[in-house]
Each structure stands twice: as structure tokens, then as C-alpha cells.
Amino acid sequence: MIPHYRKAVTGIIAATFALTVTSSAVAPALAADPGVTDTEIVLGGTHPYSGPASAYGNIGKGIAAYFSYVNDHGGVNGRKIKYIDKDDGYSPPQAVQIVHQLVEQDKVFAIFDTLGTAVNTAIRPYLNQNGVPHMFVATGASTWGKDYQKYPWTIGWQPDYQAEAALYAKDILLNHPKAKIGVLYQNDDYGDDYNVGLKRGLGKHQDMIVKMASYETTDPNVSSQVSTLKAAGCDTFMIFATPKFAIQSMVAAAQQSWHPTTYLNNVSAAVPFMNAASKAGGPSAVAGVISTIYLKDPANHARYAGDAGMKFYNEIMTKYLPNADKDDGNYLYGVSIGYTMVDVLKRAGRDLTRKKVMDIATNLVEKDNPLAYPGVVIHTSPTFRYPITQMITARWLATDWSPTGLLVDTRSMTMAENK
């Protein structure tokens, strides 16, 4: 691997984070796909800067900050990245319209990190029909890996939801074998993926699920669903929800004096979300909540004091997003996934084509992403398109997530999904 950094950032080991940048004076590419010039690579994306999932907009801001850093340090093989990121409001129809504009009018080279299962499901056919790389989508739906033969231009990045839920199930069987499980889930493919994984993980013990309650993204709140689960006698609470509704559910449980063992899906576990739930519902709303992590936690200052990757992240944030909350893991997610995207572009070399980028993305072994949890390797093959399969369970302890147990590779669980 050729790392993305040109020179050492203060406090970071030069051997790990040195960027070798090809001079812009090198010969131009022999052939260029749309979005590539001698000096520029144009990438497009969408994030929900408004709407029910607007908290995820910080991912796009983190990506933009990282790309700005890369550009200020010479770009990628002599080219600067132009990143066109637009607000889709978490609306699939709106995302479809934007992506058409990005491809047909802005002439982007690739679509990168569009967020949400429903959004990406909606734009995937168009991008694959037109041979546009649909890179590292910000959703853990199993379909991005499972359906690669039908949609060869699409690839995910983060751990898939089914494997994550199966990991929770195994934790329940090990530590809470008599649990009475209540499930809150979003009523779409996003929620369904978690439910499938939970049931598969429980195996012959699926009868431990006492009650399931769904919500729509248009619902004002989920208090009634939480009441239903409490009334059913559940003592274990699975939250398969986006941040707005995850926060509401933890607060509602506390307000109803219901204190079950709570499992919270990773995509809603950023520190600001937990702090918001604690502020609204009191410390008991979040005490002891269990989730997973696969990236470093920027809020865990003690654990990562002196960590080279975290120093690098903080320097990027200080320079490019000085007023942002550095403890928000969504920013860190953006920087980390931006690292992988730049890594792929770098490996593709000066003769940059869409096909070459997809070939590299599906034959990737990235061991040195500076913000991945220690031991996590981003690894793909042409027939296994789940880049991150390693996670560790973590428990919320007042101010941050404390890892518990060992790093688990869910690759075998993920492979089972494809059978």
C-alpha cells in the first residue's frame, strides 16, 4: 500500500503516514473517463443535511475536510479532488434526482458514500446501468455484498447489519440466556436486515423474542412503541433505529421507568447521540447500553491519548472544521472512509479509469487505516464485498464507549448470509 500523506503530521510516525505524491508535471493520463482531467478528479455524493437523519450530515463534512487535507498536500497522483456533496434529505426520490444531475451535468467520476439503505437502493440501478462506480456506501445493508453479481459497480464499507445483529444475539445467549427480547426497528429494508441477523444469531432460541414494534421515518416519535415493548414484559431492548428515533427510544424508556438491558445499533451510537439521550432522559437512559465499534472513538481521550491516528484526526478537524465537535464519531467516520477512497484512487495510478477503481476496490487489503479500531483490516475480494467484518462489543460508561471482550471477525456470519 502507498499511504496518502506527503509529509509527517506533527506527532505522527512518518513511516506510517508519509504521503508520496506524484508531481503534477507527469505525463497526462492516456485515457480519461468522465470526471478526470490532468489536474482534477470529480467525486459526487449525497448526505442528509436535513430531514430525519440530518445528524449523519457530519459524515459528509468529515469527508470534505479530509479531501481538503489531501488537496493541500498535493492531491492524488498530481490531481486535486473536487467533491460535490448535496443534501438529499434522506429521501430516495430526491437522491435519485441529485445523482442524475451529478452524473449527467456535473460529470462526476464516481458516486461516493451516499448514505442510507433506501437511498442507495434507489440510485443503485441507474449507476450500475451506466457503469458509474457506486463507492463505499454509508450503510451496512447486506445487499451491497450479497448482490454484487447483479450490481457489480456498487460496494459497501462498514460492517453489515445482519452480522452486527447476529453478534448481539450471541452476546445475549452468552450473558443473558433467559432474556425476554423486545425489538424496535425501522419499517424498511434497513430494519429488516437487523431483524434477519438477530433471528439467525439466536437460531433455535428465536422464541426469546417476545415482541417486535416498528416505526416509520415519518412518525413524530416512538413512545407508543416503547410502551408496547414494556407492556409485553420485555427485559432486553434491541434498538434498530436511526439516531433521531434511537435517542427518542432511550429517553422514552427512562421516562416510563423501564430499564431493560439495551442493545443499540452502531449507526446510532455516536457520542453526541448518547449525550443527547442522557441530557433528555437522565443518565439512566443510557447507562450500560451495549453496542459495537470498529473505528476508534474520538471521545475516548484516555484510551487514545498519544495515538498517532487520533492526533492526525484532531489536526484535520482543528484546521478544516475548527468549530465542530471533535468527539462526534460521524466526523471520524467521514475522515476514515475518505482515507479508504483516496487509498483506492492512489493505487489506481495516473491512468485513472472507472473499471480500474472498481477492480482495486474489490481486491483491497488496507491494514493501516489510521482511524480503524486496532486490528481491523479493510479487506475485499471480487466475490466478497464486505470490506469491514471485524467488530468489538462496547458498553456505555457515562462519557464514552468501553470495549468489552475481544475483536470478533464476523466474516463467517457474513458468508452465511450469501448461502
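## Strand E5 and its partners

Strand E5 (residues 181-186) and strand E6 (residues 209-215) run parallel and are joined by 6 bridges; strands are DSSP runs of E with at least two residues, helices are runs of H or I with at least four, and both are numbered from the N terminus. Two strands count as paired if DSSP finds at least two bridges between them. Opposite glycine 182 stands lysine 211 of E6. E5 is also joined to strand E7 (residues 236-240), by 5 bridges and again in parallel, and the bridge partner of tyrosine 185 in E7 is phenylalanine 240.

This is a predicted model, in which local features need pLDDT of at least 70, side-chain atom pairs count only at pLDDT 80 or more, and totals for chains, interfaces and linings use all residues. Residues are numbered from 1 along each chain as its sequence is written, and side-chain values use heavy atoms, with hydrogens and water left out.

Because 6 of the 6 residues of E5 are buried, the strand is largely enclosed by the rest of the structure. Buried means under 20% relative accessible area, exposed over 50%, and partly exposed in between (1.4 Å probe, protein chains only). Ile181, Val183 and Tyr185 point one way from E5, while Gly182, Leu184 and Gln186 point the other way.

## The open sheet

Four strands form an open sheet with parallel pairing, in the order E2-E1-E3-E4. Strand E2 (80-87) and strand E4 (134-135) stand at the edges with a single partner strand each, so one side of each is left without a neighbour in the sheet. Strand E1 (residues 40-47) runs parallel to strand E3 (residues 110-112), and 2 bridges join them. Glycine 44 stands opposite isoleucine 111 in E3.

## Domains and nonpolar cores

The protein is divided into domain 1 (5-159 + 302-387) and domain 2 (161-294 + 391-417), with bounds from an automatic or database domain assignment. Their centres, taken over C-alpha atoms, are separated by 28 Å. In contact (heavy atoms within 4.5 Å) are 28 residues of domain 1 and 26 residues of domain 2.

A nonpolar core is a set of buried Ala, Val, Leu, Ile, Met, Phe, Trp, Tyr and Cys residues joined through side-chain atoms within 4.5 Å. The largest has 119 residues, of which Leu43, Tyr66, Phe67, Met135, Phe136 and Leu345 touch the most other members. Helix H12 (residues 329-348) gives the largest share, 11 residues.

Leucine 43, not counting residues up to four places away in sequence, touches residues including Phe67, Ile81, Val108, Met341 and Leu345. A second, separate core of 14 residues includes Val99, Leu102, Ile123 and Leu127.

## Cavities

There are 3 cavities of 30 Å³ or more. A cavity is a set of points on a 1 Å grid over the protein atoms alone where a 1.4 Å probe fits but cannot get out, and lining residues have an atom within 4 Å of a point. Points are joined across faces, edges and corners, and volume is the space filled by probe spheres set on them.

The largest cavity has a volume of about 450 Å³. Among its 31 lining residues, Asn266, Val267, Tyr294, Asn330 and Tyr333 are the closest to its centre. Helix H10 (271-281), strand E9 (290-293) and H12 each give two or more residues to the lining, and H12 gives the most, with 4 residues.

## Proline 152

Proline 152 lies in the loop between helix H5 (143-146) and helix H6 (161-175) and counts as partly exposed, at 34% relative accessibility. Proline 152 touches Asn128, Met358 and Arg385, not counting residues up to four places away in sequence. Methionine 358 is 206 residues apart from proline 152 along the chain, yet 8.5 Å separates their C-alpha atoms.

Technical notes: 1 Å grid on protein atoms, 1.4 Å probe; cavity = no way out; pocket = protein on both sides within 12 Å on 5 of 7 lines; lining within 4 Å.
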